[in-house]
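This report describes the arrangement of strands, helices and ligand surroundings in one structure. The sequence and coordinates are shown below.

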Amino acid sequence: MKNTSKKTSRRAFMNSVIKTSAVVPFIGAQSLSAAASRVNIKPDSPLKILILGGTSFLGPHQIAYALGRGHSVSIFSRGKTQPTIHKDLFLRVEHLLGDREDNLEALRGRSWDVVIDNSGRKVEWTKATAELLRESCDLYIYVSSVSVFYPYYKAGLKEEDPLVLKVPETMEDDDEKMTYDYGVMKANSENIAMEIFGKERSTIVRPTFMTGPSDRTNRFMYWPTRLAEGGDIIIPGSDNDPVQYIDVRDIAGWMIRLAENKTTGIFNGVGPASITSLPAFVHGCHAAFSSKVNYIHMNDPKFLEENNLTFVAPWIKDMKKYHGISRVNNQKAIDSGLSFTPLAVTVKDTYDWWYSDAVSEERRNKFLLEEFSLISREKELLEKWNTWHK
Ligand SMILES: NC(=O)c1ccc[n+]([C@@H]2O[C@H](COP(=O)([O-])OP(=O)(O)OC[C@H]3O[C@@H](n4cnc5c(N)ncnc54)[C@H](OP(=O)(O)O)[C@@H]3O)[C@@H](O)[C@H]2O)c1
């Protein structure tokens, strides 16, 4: 059930934000110096880096960080996905066109120090590029996901924990099938990259939910938009439900430093430094703003169940198969140099990006109406919650 009056008032609020702050340009160069300044010492030998992909969410941040550190970057894509941030930096990047499905010609006869495989969507894609580049690149860095651990029965999952390598024959529903498909694809892709390049020349990075400017999904946007506005803010789940997330720029910069240091092995790319609860996360997000807020803790499992409120990134209701998703061990990544942007900085930067010209007004408006999202269900849920307690 949708409530248009609330949406209209929120849209009016957002339009007023847009009008008063004007849609500000999202300036890549500023972000580049910010990214580069996180680590002051530049490496002695600039690297030649090939990024498979590079134009969507993670890629532009890797490019900003790598260029800031003095490396040169080539990217390989079909030329369909256009970057929404750091656009000016792409003038300094070599763009090779092709298709991982059936056309790797642009990569033939070339050599790089490092290849970063961002766009791995099929095991065969990773197999083909790893075989093609085995003799012409020193290091293969594969971007995997903590989804390799699905089903997440266990807390404290470590890099060496066993993975499911075959999709089971019976499944609860289509959602579960998709989750298995993705995790099993990533797990087998990790293995094929390590098999072809050898463990001594391959690095596997497994990010958890990434957030930050240029996210193509809207899944984190409830927090910055609503916390900036203030009023009743829904916090679903039990008060101690843990959450894990990572600023996309932390993954990007860390990956470039892994490349510089030729660090090999498997790493869970998970933040923050220590596991935090959803309420603590929300307070951390609100530190970016000064609005008056009233937190509504929807912490009754029966209410959550009846209202199908099980996922608002980075929170997932504690269910058997998801128990470990927000309890993944990140010590090895921290030891290898993964560092964490303060949450309020992530949220403020994401908020600024959301109201910049990098995001269309159409996207902002669509977000307010997204089916099943917390933002579109907010009024209805608040009303139901009030009745539930009468
Ligand atoms: N977002 C998260 O929270 C999250 C969490 C865990 C792991 N991950 C993983 O992180 C990785 C990075 O994702 P990203 O979207 O941010 O990466 P990205 O490198 O910024 O973008 C994906 C790139 O792949 C290219 N591409 C897609 N299909 C292609 C094809 N058939 N041939 C050649 N290039 C192709 C796209 O360009 P064209 O469309 O122009 O070809 C685009 O440049 C992914 O592997 C994802 O699974 C993401």
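## Ligand surroundings

In this predicted model, the ligand is surrounded by 23 residues. The closest of them are Gly 53, Ser 56, Phe 57, Gly 59 and Ser 119. By class, the shell around the ligand consists of 12 polar, 6 nonpolar and 5 charged residues.

## The seven-stranded sheet

An open sheet is built from 7 strands in the order S3-S2-S1-S4-S5-S6-S10, and its pairing is parallel. From one strand to the next, the twist averages 20°.

Within this sheet, strand S5 (residues 137-143) and strand S6 (residues 202-207) run parallel and are joined by 4 bridges. Ile 141 has Thr 203 in S6 as its bridge partner. Helix H3 (residues 58-68) packs on the sheet and touches strand S1 (48-52), strand S2 (72-77), strand S4 (112-117) and S5. The direction of H3 makes about 160° with that of S2. Helix H5 (residues 174-197) also packs on the sheet, where it touches S4, S5 and S6. The direction of H5 makes about 170° with that of S5.

## The three-stranded sheet

A further open sheet comprises 3 strands in the order S7-S9-S11, with mixed pairing. Strand S7 (210-211) and strand S11 (271-277) stand at its edges. Because each has a single partner strand, one side of each is left without a neighbour in the sheet.

Strand S9 (residues 242-247) and S11 run antiparallel and are connected by 3 bridges. Val 243 is placed opposite Thr 276 in S11. Helix H7 (residues 248-260) lies across S7, S9 and S11, and runs at about 55° to S9.

## Packing of H3 on H7

Two packed helices are described by the angle between their axes and the distance between the axes. For H3 and H7, the angle is about 50° and the axes are 8 Å apart. H3 is therefore oblique to H7, and the crossing of the two helices is right-handed.

On the H3 side, the contact is made by Leu 58, His 61, Gln 62, Tyr 65 and Ala 66. On the H7 side, the contributing residues are Val 248, Arg 249, Ile 251, Ala 252, Gly 253, Met 255 and Ile 256. The residues of this contact between H3 and H7 comprise 8 nonpolar, 3 polar and 1 charged. H3 also packs on the seven-stranded sheet, while H7 lies across the strands S7, S9 and S11.

## Packing of H6 on H8

Helix H6 (residues 222-229) and helix H8 (residues 278-286) form another helix pair, with axes that come within 9 Å and cross at roughly 60°. H6 and H8 are therefore oblique to each other. Their crossing is right-handed.

Trp 223, Pro 224 and Leu 227 of H6 make the contact with Val 282, Cys 285 and His 286 of H8. By class, the residues of the contact of H6 with H8 are 5 nonpolar and 1 polar, with no charged residues.

How values were computed:
Residues are numbered from 1 along each chain as its sequence is written. This is a predicted model: local features need pLDDT of at least 70, side-chain atom pairs count only at pLDDT 80 or more; totals for chains, interfaces and linings use all residues. Two strands pair if DSSP finds at least two bridges between them. Two residues are in contact if their C-beta atoms, placed from the backbone, lie within 7 Å. Axes are lines fitted to C-alpha atoms, for helices over the stretch in contact, and angles run from 0 to 180 degrees between N-to-C directions. A residue is near a molecule or strand if its C-beta atom, placed from the backbone, lies within 6 Å of it. Ala, Val, Leu, Ile, Met, Phe, Trp, Tyr, Cys and Pro count as nonpolar, Asp, Glu, Lys and Arg as charged, and the others, Gly among them, as polar. Angles under 35 degrees count as roughly parallel, over 145 as roughly antiparallel, 65 to 115 as roughly perpendicular and the rest as oblique. A crossing is left-handed if the near helix is turned anticlockwise from the far one by less than a right angle, and right-handed if clockwise.
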